[in-house]
Amino acid sequence: MDLLRTMDWRLLETLVCRYWQIKGYNAATTGPGADGGVDVILRDRQDPRRVVAVAQCKSWTTGNVGVESVRALWGARDHFKAQLALFYTVYGFTEAASEFAKSKHLKLIDGHSLLTQINALPTEDAKALLREITEGDYTTPSCPKCESKMVFKRGTEGKHDFWGCPRFPVCRSSTMRLRKQ
């Protein structure tokens, strides 16, 4: 669990994508910027034009994912005409989110469940996946717009410390500053 809690948000998306690739699916991440509530798209094995499932990944290390985020993924599933929606988070889900997901093709996967999925892979695949994900700097957050590794900045005059994009002011994402947790 410590690995998941310290992992860069972008690597969580890559981890989920690679997991499904190992399982034999044509899976791809949606890339930086606005993703429409979907981080990973899984396509049909026989017909790559057809989307089988969509996945959203949240690397929040505190606080459960609420029903609003889960509903947004459910709507994105409709947009992509996918059969299944998968929501991955490191932490957990609120009761309302879990209740909403019941009796739908909507699976909520917390950090423990994700680790269980990875451990169920053949041993060599699981080891290779974890080696790949932890290669290089896997703890420094990436800018949500340009994917540059962010730099830690001290807040001034009573303001919070934060992670800032090193490409500022060229990169002007409204969400590029994150509080260090």
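Two strands pair if DSSP finds at least two bridges between them. With that in hand, here are some close-up views of this predicted model.

**View 1. Strand β3 sits buried in the structure.** Welcome to strand β3, which covers residues 51-58. How many of its 8 residues are buried? The count is 7, so the strand is largely enclosed by the rest of the structure.

**View 2. Strands β2 and β3 pair in the antiparallel sense.** Strand β2 takes in residues 40-43 and joins β3 over 4 bridges. To find your way here, look for I41, whose bridge partner in β3 is V54.

**View 3. Strands β3 and β4 pair in the parallel sense.** Strand β4, residues 84-89, is linked to β3 over 6 bridges. A handy place to start is A55, as its bridge partner in β4 is L86.

**View 4. Helices α2 and α6 cross at roughly 155°.** Now we turn to helix α2 (residues 9-22) and helix α6 (residues 123-133), whose axes come within 10 Å.

**View 5. Side by side, α2 and α6 make a contact.** From α2, the residues taking part are L11, T14, L15, R18, Y19 and I22. Helix α6 brings D125, L129, E132 and I133 to the contact. What kinds of residues meet here? The contact of α2 with α6 has 6 nonpolar, 1 polar and 3 charged residues.

How values were computed. Residues numbered from 1 in each chain as written. Predicted model: local features only at pLDDT ≥ 70, side-chain atom pairs only at ≥ 80, totals over all residues. Heavy atoms only, no water. Buried < 20%, exposed > 50% of the residue type's maximum accessible area, 1.4 Å probe, protein only. Helix = DSSP H or I, 4+ residues; strand = E, 2+ residues; numbered from the N terminus. Axes fitted to C-alpha atoms, helices over the stretch in contact; angles between N-to-C directions. Contact = heavy atoms within 4.5 Å. Nonpolar A, V, L, I, M, F, W, Y, C, P; charged D, E, K, R; others polar.
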